Amino acid sequence: MIYPGNFEHKVGFDRIRELLKERCLSTMGSEKVDSIRFTDRPDTITEQLSATAEFQQLLQFEENFPSDNYFNISDCLNKIRIERTFPEIREMFDLRRSLETVKSILSFLRSRDENRYPFLKRMCGSVKTYPYVLDSIDRIIDKHGNIKDNASSRLREIRSEIAMKTMQVTKRINFILKQAQTDGIVEADTAVSIRNGRGVIPVSSFNKRRIKGLIHDQSASGKTVFIEPEEIVEINNDIVELGYEEKRELVKILTAFADNIRPYIDDLLASNVFLGEIDFLRAKALLGNHFSSIKPVLVPKPFIQWHQAIHPILSLTFEKLPGRKVVPLDIILDEKDRILIISGPNAGGKSVCLKTVGLLQYMVQCGLTIPVRQGSETGIFSGILIDIGDEQSIENDLSTYSSHLLNMKYFLKNGTEKSLILIDEFGTGTEPMLGGSIAEAILAELNRKRVFGVLTTHYTNLKHFASLTEGIVNGAMAFDNHLMQPLFQLYIGKPGSSFAFEIARKIGLPEDILKEASGKAGVKNINYDRHLKDIARDKRYWEAKRQDIRQHEKRLETLIEEYEKELSGAKALRKEIIAKAKDEAQNLLTESNRMIENTIRQIRESQAEKEKTRDVRRQLEEFKAGVIEKTKPVESAAEKKITVLSTRARKLKRSQTEKPAEQPKPEKPLKVGDAVRMIDTQAAGEIAGITERTVLVETGSFRLRVSKDKIERISRAELRKSLKSGHVHYEADPMISQRKLDFKPEIDIRGVRGEEAINRVRDLIDNALMVQHRNLRILHGKGNGILRQLVRDYLATVNVVKSFRDEHIDMGGSGITVVEMDF
């Protein structure tokens, strides 16, 4: 139940229909927009919302969805149901393109994962496309929509004859024209004209009898006549007859086509309906994405819990106004608080809030996604009843207040526990005391009927009634009483002040009048309004405090989670070290026992000879010293790791443990021809050159400049093995190949800040080194020369840069630095 009849206009849904039609590609989609209807069936709403939400995701994350050739072919198909009827050539062309679009859509959706677009894929289930129909059309028309010459053998013959006779006519009339020019009958610059579809020669009226033939036309002045020479009349007559025969042959071909596809008309109509539904869904999805709309959680009962809800039409209006932005609303209507009474200053956003509720709920139950935040929930109402605006009528003898009372009468009669009632400026239009009393009585009855609703008012008695009555809750539109401007924020749980005296004072009403008005209003009312303002101020303060606490709690939770992960990792690593130490200790103990037993056996066998005993003891001491020396690094490493992990667990910071560094062995100095391996890439090669800090390594077909601390010496055998295993074949490495393809030897850093510019230059040099490109260009512009000097200072520190200079004056001069690499 929707009330009144112009509901859509009052809440702005008529504008939503217009926006949807603007996004439709066909008349079928526009007709679907016109057929949108409010429903309270949960399964229908769920299906419509899910399909729309899936299409929104499709448009956001997929590419190349078919969006061309959405033609309505239902009239054509219904026409050829009748025997001996045929489609027009244009209709056949539209049919072919439309069926091709349906085929592309089905292929697109059916190729996606089964769980990705379940509702859209379900729509494809019963749609059929017949290749036979498309093949039949392709045999008749070409890609431009013209009938092919080979559509039938007779058509080919007819068109061949027409072409031949047309050529004869052209040759003959041009000959006659040249002869007439030679004889002086016509001017030298005269050309053949066309009249009534026939070739004619323009001739002066004085010479018209000098050329035999038929006169088809004359000029407006009568000085020129257009004559068809008698020699070509018969040929032109043949061409006309062939033209009529061609038309009859075309009708014959099209009629045969209609007879062939007539058994498939029902399925073709169904595919056309499917195309219209896709067009309609696409329009809804485009509009939804424009407003960042979502599918809210659907609850099968009257209920609203929206977060960050916005009015879409207001949002669209503000897009054209720089600096303006819609303030989102949080709205809750549930079994505990079914009716929301909103109060606050004029132009504070009360009516916008009311219309937002009406429009968004209507959109949901019409199958449209709505602009709310994820996690929002919405229920289903059996009807939406609204009283907004002035409905006074001279013809019907209705005043403003009378029209409001008629609406209240309708609400009281038809409102149920599943109705959503929206009333703007509740109780106004008559004497405030009496109007407020009537409004309070109506509100009590609506509450007794357990309806859901949003009402706006300025009446104090209604605010009092809401605060004392179960099922009704106050709400306030926030107002900044320092800047004297509305904040357009809704706070539920307290009434709002109208700020009448503050607004009057801001616009400059005399202070003595305001003082007199305060006295007439009474101290009680003034204090009540002041208390409301104090509550609003305190609420904003504590709301800000609560927001800060939430942020701190969120940050604390993140830190605790990180610390717990760190501590868990430290404990696991400690256990691992202890287990490893135990294993090593067990191995040492086993080895020690074996050595001791062997020593005892040798002493016994030698019968305790002093020299032999002394030798055995010496071996045992050496083994003992070896064991002690072997366990020292293990103990040291274990102690260090445990200490580091304990410290990290206490301080809750990430760190890495390091094993005791082994004492480096003295190495021979590197020389040209040594076999080495690059630590980073594991590529092996020979040293081709040496500088103070770098070496030039030749590996495969590349020469790479590498820092000395990034290579290690290897044997010749390891080098040969590495060469055989293909470690140096950079050409076979797809990453290197891709780098070569993507590499550009020039960069543009104009307008880039200094640090970022140096990073880009560094990346260019690294890539050039990788792909072995020697000449580079850096476009930095001229300006004050600061960026140029910064780049060149950096290039001077890079070992692999051989030289750098200004570009030639004709190619940019000092605005470009040319770099030559040293490989």
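Contact here means heavy atoms within 4.5 Å. In this predicted model, that criterion places Gly436, Ser437, Ala439, Glu440, Leu443 and Ala444 of helix 15 against Asn461, Leu462 and Phe465 of helix 16. The residues of this contact divide into five nonpolar, three polar and one charged.

**The chain as a whole**

The chain has 823 residues, of which 41% count as buried, and its secondary structure comes to 24 helices and 24 strands. Among the contacts between residues at least 6 apart in sequence, 68% join residues that are at least 24 apart.

| Helix pair | Axes come within | Crossing angle |
|---|---|---|
| Helix 15 (residues 432–448) and helix 16 (residues 460–468) | 9 Å | roughly 25 degrees |
| Helix 6 (residues 89–110) and helix 10 (residues 230–261) | 11 Å | roughly 40 degrees |

Because angles under 35 degrees count as roughly parallel, helix 15 and helix 16 are roughly parallel to each other, and their crossing is right-handed. The angle between helix 6 and helix 10, by contrast, makes helix 6 oblique to helix 10, and helix 6 passes helix 10 in a left-handed crossing.

**The buried side of helix 2**

Within helix 2, which spans residues 13–22, the residues Phe13, Ile16, Arg17, Leu19 and Leu20 are buried. These residues cover an arc of only 165 degrees around the axis, which puts them on the same side of helix 2.

Val695 lies in strand 18, which runs over residues 694–699. Its relative accessibility is 0%, and Val695 therefore counts as buried, the cut-off for that class being under 20%. When residues up to four places away in sequence are not counted, Val695 touches Leu670, Ile687, Gly689, Ile690, Leu704, Arg705, Val706, Lys708 and Ile711. Val695 and Asp709, which are 14 residues apart in sequence, have their C-alpha atoms 9.8 Å apart in space.

Terms used:
Residues numbered from 1 in each chain as written. Predicted model: local features only at pLDDT ≥ 70, side-chain atom pairs only at ≥ 80, totals over all residues. Heavy atoms only, no water. Buried < 20%, exposed > 50% of the residue type's maximum accessible area, 1.4 Å probe, protein only. Helix = DSSP H or I, 4+ residues; strand = E, 2+ residues; numbered from the N terminus. Arc of directions from axis to C-beta. Axes fitted to C-alpha atoms, helices over the stretch in contact; angles between N-to-C directions. Parallel < 35°, antiparallel > 145°, perpendicular 65-115°, else oblique. Left-handed = near helix turned anticlockwise from the far one by under 90°. Nonpolar A, V, L, I, M, F, W, Y, C, P; charged D, E, K, R; others polar.
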